[in-house]
Amino acid sequence: MDPRDLRDACGSFATGVTVISTRTEDGDHGMTANAFMSVSLDPPLITISLDHNCKLREKVRASGRYAVSVLNHEMEGLAMHFAGRHDPAHNDPFIERAGMPVVPGAACVFVTEVAQEVEAGDHTLFIGKVVEIERDLEARPLLFCGGKFGALAS
């Protein structure tokens, strides 16, 4: 199977857009991702999926913690910044929540402690126990589908 065909097919599934972040001795780190999902309510678990070649993978492993900031519909520029298109307007993109860097104004924030790592092909799944949640009940999430950003209708 052609990996590009699989990626394009998976891209027809609309997802939210997140910034996954962590803090290590050398500072705060983050990246845009849509590979995020809930796993369990009891205990409260979520999962992120990081490519083996991704720099953040080893940072999360070293930290033992990560945060997921679900971006709101006005944060497309920030999503692009954390996807590698550096924008000086976002040089100081984080605030602190429960000792972790998170995106201010996000629709929702999860702070976790890594409970388990699962190797899955060319990715590592980091299952995190949720230790704190913050939600903006008025926010509309940023969406991604077919290579394009969008938002829910108001």
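Aspartate 26 counts as exposed, with a relative accessibility of 52%, just past the cut-off of over 50% for that label. Let's start from this residue and work our way through the model, which is predicted.

Which residue does aspartate 26 form a salt bridge with? Its partner is lysine 59, and the closest N and O atoms of the two are 2.9 Å apart. This pair links distant parts of the chain: aspartate 26 sits in the loop between β2 and β3, while lysine 59 belongs to helix α2, 33 residues apart.

**Helix α2 and its surroundings**

So what else is going on in α2? This helix covers residues 55–63, and its buried residues are Leu56, Arg57 and Val60. Looking down the axis of α2, you'd find these buried residues within an arc of 110°, so they line one face of the helix. Here's a handy rule: an α-helix has 3.6 residues a turn, so residues three or four places apart point the same way. Over on the other side of α2, Lys55 and Ala62 are exposed. The cover over the buried residues includes strands β2, β3, β5, β6, β9 and β10. Just past the end of α2, glycine 64 has a positive phi of about 75°.

**Strands side by side**

Strand β9 runs antiparallel to β6, and six bridges join the two. Here alanine 67 stands opposite valine 111 of β9. Twelve bridges join β9 to β10, again antiparallel, and glutamate 113 stands opposite lysine 129 of β10. The hairpin of β9 and β10 has two residues between the strands, and in it glycine 121 takes a positive phi near 60°.

There's also an open sheet of three strands in the order β1-β11-β12, with antiparallel pairing. β1 and β12 stand at its edges with a single partner strand each, so one side of each has no neighbour in the sheet. Two bridges join β1 to β11, and glycine 16 stands opposite leucine 143 in β11.

**More pairs of side chains**

The structure holds eleven salt bridges. One of them joins arginine 23 and glutamate 96, whose closest N and O atoms are 3.0 Å apart. Arginine 23 is in β2 and glutamate 96 in β7, so this pair ties together parts that lie 73 residues apart in sequence.

How many aromatic pairs does a search of the whole structure find? There are three. Among them are phenylalanine 82 and phenylalanine 94: their ring centres are 5.4 Å apart and their planes sit at 40°, so the pair is tilted. Phenylalanine 82 is in helix α3 and phenylalanine 94 in the loop between α3 and β7, twelve residues apart.

| Residue | Relative accessibility | Class |
|---|---|---|
| Arginine 23 | 27% | partly exposed |
| Lysine 59 | 24% | partly exposed |
| Arginine 61 | 31% | partly exposed |
| Glutamate 117 | 35% | partly exposed |
| Phenylalanine 82 | 12% | buried |
| Phenylalanine 94 | 15% | buried |

**What the record says**

An unreviewed UniProt entry annotates residues 10–151 as "domain: Flavin reductase like". In the model, that span is 12% helix and 52% strand, with its end C-alpha atoms 19 Å apart.

Definitions and conventions: Residues are numbered from 1 along each chain as its sequence is written. This is a predicted model: local features need pLDDT of at least 70, side-chain atom pairs count only at pLDDT 80 or more; totals for chains, interfaces and linings use all residues. Side-chain values use heavy atoms; hydrogens and water are left out. UniProt positions are given in the numbering used here, feature names are shortened, and annotations may be inferred rather than shown by experiment. Helices (H or I, at least four residues) and strands (E, at least two) are DSSP runs, numbered from the N terminus. Buried means under 20% relative accessible area, exposed over 50%, partly exposed in between (1.4 Å probe, protein chains only). The arc is that of the directions from the helix axis to the C-beta atoms. Contact means heavy atoms within 4.5 Å. Two strands pair if DSSP finds at least two bridges between them. Rings of Phe, Tyr and Trp (its six-membered ring) pair if their centres lie within 6.5 Å; planes under 30 degrees apart count as stacked, over 60 as edge-to-face and the rest as tilted. A salt bridge is a side-chain nitrogen of Lys or Arg within 4 Å of a carboxyl oxygen of Asp or Glu.
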